[in-house]
Amino acid sequence: QVQLVQSGGGLVQAGGSLRLSCAASGSIFSDDAIGWYRQGPGDRRELVAGITKDGRTNFEDSVKGRFTISRDKTKNTVYLQMNSLKPEDTGVYYCNADLMSGGRHYYDYWGQGTQVTVSS
């Protein structure tokens, strides 16, 4: 089954760190960019970090200098390392990517979502 499987997240105090993982299952990542999104309570889903096939990264202004995004092609996994976490980072985090399997392109897949809660 073609899917994105997320892990990591949880409850952490402000100033702490968490790492989220997003693994492509039954598939591999396509050459398109991969993104991590956050949806806070009552908010719309927003892009917080992205990475291209060449390793170029971009970040939403509020997480610059605190979050890093990386990919391990051998493990078919993308990571979001979150440091110096703040209460406003609280939300459900989703990874998003296009996938390839059996020569077929699968567009706009989302992980199942991971709750991150930062206490003050």
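Student: In which strand of the protein is confidence lowest?

Tutor: This is a predicted model, in which local features need pLDDT of at least 70 and side-chain atom pairs count only at pLDDT 80 or more, whereas totals for chains, interfaces and linings use all residues. Residues are numbered from 1 along each chain as its sequence is written, and side-chain values use heavy atoms, with hydrogens and water left out. The protein averages a pLDDT (the predictor's confidence in each residue, from 0 to 100) of 95, and among strands (DSSP runs of E, at least two residues, numbered from the N terminus) confidence is highest in β2, residues 10–13, at 98. Confidence is lowest, at a mean of 88, in residues 28–29, which form strand β4.

Student: How many residues does the largest nonpolar core have?

Tutor: A nonpolar core is a set of buried Ala, Val, Leu, Ile, Met, Phe, Trp, Tyr and Cys residues joined through side-chain atoms within 4.5 Å, where buried means under 20% relative accessible area, exposed over 50% and partly exposed in between, with a 1.4 Å probe and protein chains only. Phe-29, Trp-36 and Leu-99 are among the residues with the most contacts inside the largest core, and the elements that give two or more residues to this core include β5 (34–39) and β10 (91–101). The number of residues in this core is 27.

Student: Which backbone nitrogen does the side chain of Ser-30 reach?

Tutor: Ser-30 lies in the loop between β4 and β5, and it counts as buried because its relative accessible area is 4%. Leaving out residues up to four places away in sequence, Ser-30 touches (heavy atoms within 4.5 Å) Arg-71, Asp-98, Leu-99, Met-100 and His-105. At 3.1 Å, its side chain reaches the backbone nitrogen of Asp-32.

Student: Which residue in β11 is the bridge partner of Leu-99?

Tutor: Strands β10 and β11 (residues 104–110) run antiparallel and are joined by five bridges, where two strands pair if DSSP finds at least two bridges between them. In β11, the partner of Leu-99 is Tyr-106.

How values were computed:
Helices (H or I, at least four residues) and strands (E, at least two) are DSSP runs, numbered from the N terminus. A polar contact is a pair of N or O atoms within 3.5 Å; within protein, one must be able to donate a hydrogen and the other to accept it, and residues adjacent in sequence count only if both atoms are side-chain atoms.
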